[in-house]
Amino acid sequence: MKIAVVPGDGIGKEVTPVAEEAVRHYLLDAEYIYAEVGYGRWERTGEAVTDEDIDLLKESDAVLFGAITTVPHPDYKSVILRIRKELDLYANLRPVSGPGFDIEIVRENTEGLYSGIEETGDGRSTTLRVVTRKGSERIAEFACERAKLRKKEIVIGNKANVLKSDVLFRDTCIKVAEENGIASKPMYIDALALDVLMHPKRYDVIVTTNIFGDILSDVCGFLTGGLGTLPSGNYGVKNALFEPVHGSAPDIAGRGIANPVAALRSAGMLLDYLGVDGAKNEIEESIQALLNKGISTPDLGGDIRTADFGEKVIAGIMR
Ligand code: ATP
Ligand code: MG
């Protein structure tokens, strides 16, 4: 088994080793391969990610990913967007759970407003929002597969009242849900973003387009104590990549205070994907036991350091 590890930039470098320890605890014999990609590499060599790096990720059974800084430099292209495209990681699963609620946000990951088709002109810039029937069908299928394991219902986050592209997305999702025997309810994304915070218990699987899913999952961080807690999985036909929802957080990088919970939960999702029974729950229980005792990094009100929290989580698993 081959696991690619990409710490990336900023706090990615601090939380990924913690997550890797958790993975190694269960998969001692796996082969771990490291790819140094990201903004730091770009600054030094002019290349953030090479074709060889992409091949290496493609050949792995799963990728454990940290975070990469994206800068608004005209020559710098988002690395994670390129990886998602090249590995065709079309589904981004972002679970948000806490006392009494358990939500899964399913975000379309390859098209929409992040199509990468852009033009910058003088006084006018455009970004093309691409929605295809095929792209909508496969993300709707993915959401329905999740729903089958859960409450057999999906909410479709959209803005079809304004965007023609979302009419196609919404209607395709409704059709796919029908074919799968799953109940579906379209909701406008703005109203949905508020309602999910007010009534999180009413929600189960939410499927939506790329940027809406990105924003909605950050917003849902409010329900769980912030960005440091939310994991994600990016799934394609052949590959899968697991990463925290948060970014490289340059504002707190290098201080050893980043919350590794999102990365640890991402490790749990990776182990689950690779079929390691029980690992995800054990990691979660170990995290919860610490949080319940008030042991946490500063973002959640505690004073423990990133690496120390990680050690305690592993110790909890071994107990
Ligand atoms: P990027 O461009 O890489 O996304 P960013 O500046 O948007 O970087 P994020 O990583 O998205 O930063 O974080 C947004 C805010 O949340 C920051 O203030 C950051 O300090 C905080 N944050 C994010 N992740 C964590 C974490 N794991 N632990 C503690 N705070 C975090
Ligand atoms: Mg960010």
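Tutor: Two strands pair if DSSP finds at least two bridges between them; strands (E, at least two residues) and helices (H or I, at least four) are DSSP runs, numbered from the N terminus. This is a predicted model, in which local features need pLDDT of at least 70, side-chain atom pairs count only at pLDDT 80 or more, and totals for chains, interfaces and linings use all residues. Residues are numbered from 1 along each chain as its sequence is written, while chains are lettered from A and ligands numbered from 1 in the order in which they are written.

Student: What makes strand E5 (residues 101-108) and E10 a pair?

Tutor: Four bridges join E5 to E10, and the two strands run parallel; the definition asks for at least two. Ile-105 stands opposite Ile-206 in E10.

Student: Which residues of E10 (residues 205-208) are called buried?

Tutor: A residue is buried if 20 or more other C-beta atoms, placed from the backbone, lie within 10 Å of its own, exposed if 12 or fewer, and partly exposed in between. Val-205 and Val-207 on one side of E10, and Ile-206 and Thr-208 on the other, are all buried.

Student: How do you know that the length of helix H10 (residues 279-292) agrees with expectation?

Tutor: The expected span is 1.5 Å times one less than the number of residues. The 14 residues of H10 should therefore span 20 Å, and its end C-alpha atoms are 20 Å apart, which agrees.

Student: Why are the buried residues of H10 said to line one face?

Tutor: They fall within an arc of 130° seen down the axis, so they line one face of H10; the arc is that of the directions from the helix axis to the C-beta atoms. The face turned away from the buried side of H10 carries the exposed residues Asn-281, Gln-288 and Asn-292.
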